[in-house]
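Please take a moment to look through the sequence and the model before reading on.

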Amino acid sequence: MQMNKSNLIEIKHISSSETHLIRKEVLWPHICNNNYSLPIDNKKETFHLGTFVNNDLVSIGTFLPDFNTAFSKKNQYRLRAMATKKKYAGNGYGTKLFLFAISILIRKKVELLWCDARIVAIPFYKKLNMQSLDKTYDIKDIGLHQTMY
């Protein structure tokens, strides 16, 4: 999908349930019970964002307070379940969502954003100036990851 002037792009808050289709298609096709919710999805400080192209939800991300002891900063948020539909990947929709989230986190006075990044997503996060911790670990049914911040 090429971005052009005729594509209307909007980033906005969405519900947890609106993330499920992209979570299923892109992140968790191995799940058989149709449960694409995370235990943190409906907590008070958790928020979900979506990038819409011509009213079609194409990219998602979930952000929540979560303290990682690998970091000394007190006010931390974690990014979970970020994904873009395959046919829209590489067009900047995930980047726009990420930067929109950063503006929200700055207003919340968050000191650090971190995530468990799939190995294939590390180049995306590095382009956004995130860094990796050295350790690589395997998440069952999903694959190798590194913690990024």
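The second largest pocket has a volume of about 200 Å³, and, like everything described here, it belongs to a predicted model. Its lining is made up of 13 residues, and those nearest its centre are Phe98, Ile102, Leu113, Met130 and Tyr149. Helix H2 and strand E5 each supply at least two residues of this lining, with H2 giving the largest share, four residues. Sorted by class, the lining of the second largest pocket holds 10 nonpolar, two polar and one charged residues.

At least two lining residues come from each of H1, E4, H2, E5 and H3, and the largest share, seven residues, is contributed by E4. By class, the lining of the largest pocket has 19 nonpolar, eight polar and six charged residues.

In soluble globular proteins, nonpolar side chains tend to be buried together. In this model the largest nonpolar core has 20 residues, and the members that touch the most others are Phe63, Leu79, Phe98 and Tyr125. Several elements each supply at least two residues of this core, namely strand E2 (47–53), strand E4 (76–84), helix H2 (93–107), strand E5 (112–118) and helix H3 (122–127), and the largest share, five residues, comes from H2.

Which residues is Phe98 in contact with, once its neighbours within four places in sequence are left aside? They are Leu79, Met82, Leu113, Tyr125, Leu128 and Met130.

The last part of the tour concerns charged side chains. Side chains of opposite charge can pair when their charged atoms come close. The model has six salt bridges, and one of them joins the side chains of Asp41 and Arg23, with 2.8 Å from N to O. Asp41 sits in the loop between helix H1 (16–27) and E2, while Arg23 is in helix H1, so this pair ties together parts that are 18 residues apart in sequence. Both Asp41 and Arg23 are buried.

Another salt bridge brings together the side chains of Lys85 and Asp56, at 3.0 Å from N to O. This pair links distant parts of the chain, for Lys85 lies in the loop between E4 and H2 and Asp56 lies in strand E3 (residues 56–65), 29 residues apart. Are these two residues buried or partly exposed? Lys85 is buried, because its relative accessible area is 16% and buried means under 20%, whereas Asp56, with a relative accessible area of 26%, is partly exposed.

A further salt bridge is formed by Asp66 with Arg78, whose closest N and O atoms are 3.0 Å apart. Asp66 is found in the loop between E3 and E4 and Arg78 in strand E4, so the pair ties together parts that are 12 residues apart in sequence. Asp66 counts as partly exposed, at 24% relative accessibility, while Arg78 is buried, with a relative accessible area of 15%. Asp66 and Arg78 are also linked with Asp116 in a network of salt bridges.

How values were computed: Residues are numbered from 1 along each chain as its sequence is written. This is a predicted model: local features need pLDDT of at least 70, side-chain atom pairs count only at pLDDT 80 or more; totals for chains, interfaces and linings use all residues. Side-chain values use heavy atoms; hydrogens and water are left out. A nonpolar core is a set of buried Ala, Val, Leu, Ile, Met, Phe, Trp, Tyr and Cys residues joined through side-chain atoms within 4.5 Å. Buried means under 20% relative accessible area, exposed over 50%, partly exposed in between (1.4 Å probe, protein chains only). Contact means heavy atoms within 4.5 Å. A salt bridge is a side-chain nitrogen of Lys or Arg within 4 Å of a carboxyl oxygen of Asp or Glu. Ala, Val, Leu, Ile, Met, Phe, Trp, Tyr, Cys and Pro count as nonpolar, Asp, Glu, Lys and Arg as charged, and the others, Gly among them, as polar. On a 1 Å grid over the protein atoms alone, a cavity is a set of points where a 1.4 Å probe fits but cannot get out, and a pocket is an open set with protein on both sides within 12 Å along at least five of seven lines; lining residues have an atom within 4 Å of a point. Grid points are joined across faces, edges and corners, and a volume is the space filled by probe spheres set on the points.
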